[in-house]
Structures are given as C-alpha cells and as structure tokens.
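Thanks for asking me to look this one over.

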Amino acid sequence: MAALLADARTEAARRNARLLRTHCWAGEDARLVREYEGLGLTATLEFEVLRSDGSFWPGQVLQTRV
C-alpha cells in the first residue's frame, strides 16, 4: 500500500494537485483507515453505502496535502 500511495503522490504532484484524497472500507474496527493514517493521510468524512442486500458498507475518506 505504501508504494501505491507513493505513486499517487508523485502523480498528484506532477499534475500540480495540492490535495490527494482516497476512500476505503472502514469496517473491522477501521483497521484499514489506521493503516492509511500511518502513511500520513488524515481521515475526514465517514460515509455508508447501501448495498443491494439492505446492509451498509462503511467507508472513510482520507486526504493529504501534496
């Protein structure tokens, strides 16, 4: 995941973007969110997506300055 994020930061900088955002699954005690935070991203917006089976998919938006 660190290499993918490094590539995304490089591409964002190449495009003169000032902010890089991503989203991820926030289930299982937000373990994946904490991994992204450990790589320097900041959690911003929590959201849920209604699945076709009626359950909800918990998500988290994260961002970092480039």
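The points below go from the overall fold to single residues.

1. Ground rules. This is a predicted model, in which local features need pLDDT of at least 70 and side-chain atom pairs count only at pLDDT 80 or more, while totals for chains, interfaces and linings use all residues. Residues are numbered from 1 along each chain as its sequence is written, and side-chain values use heavy atoms, with hydrogens and water left out.

2. Overall layout. The chain has 2 helices and 3 strands, in the order α-β-α-β-β along the sequence. Helices (H or I, at least four residues) and strands (E, at least two) are DSSP runs numbered from the N terminus. The C-alpha atoms fill a box of roughly 40 × 20 × 20 Å along the principal axes.

3. Helix H1. Just after H1, asparagine 16 takes a positive phi of about 60 degrees.

4. The core. The largest nonpolar core has 8 residues: Leu5, Ala12, Leu20, Cys24, Val33, Tyr36, Leu41 and Leu62. H1, strand S1 (19-25) and helix H2 (27-38) are the elements that each give two or more residues to this core. Such a core is a set of buried Ala, Val, Leu, Ile, Met, Phe, Trp, Tyr and Cys residues joined through side-chain atoms within 4.5 Å; buried means under 20% relative accessible area, exposed over 50%, and partly exposed in between (1.4 Å probe, protein chains only).

5. The aromatic pair. A search of the whole structure finds 1 aromatic pair: phenylalanine 47 and tryptophan 57, tilted, at 5.9 Å centre to centre with 40 degrees between the planes. Rings of Phe, Tyr and Trp (its six-membered ring) pair if their centres lie within 6.5 Å, with planes under 30 degrees apart called stacked, over 60 edge-to-face and the rest tilted. Phenylalanine 47 is partly exposed because its relative accessibility is 23%, and tryptophan 57 is partly exposed at 24%.

6. Glutamine 60. Do have a look at this residue in strand S3. Glutamine 60 counts as buried because its relative accessibility is 7%. Its side chain reaches the backbone oxygen of leucine 45 at 3.2 Å, a polar contact being a pair of N or O atoms within 3.5 Å; within protein, one must be able to donate a hydrogen and the other to accept it, and residues adjacent in sequence count only if both atoms are side-chain atoms.
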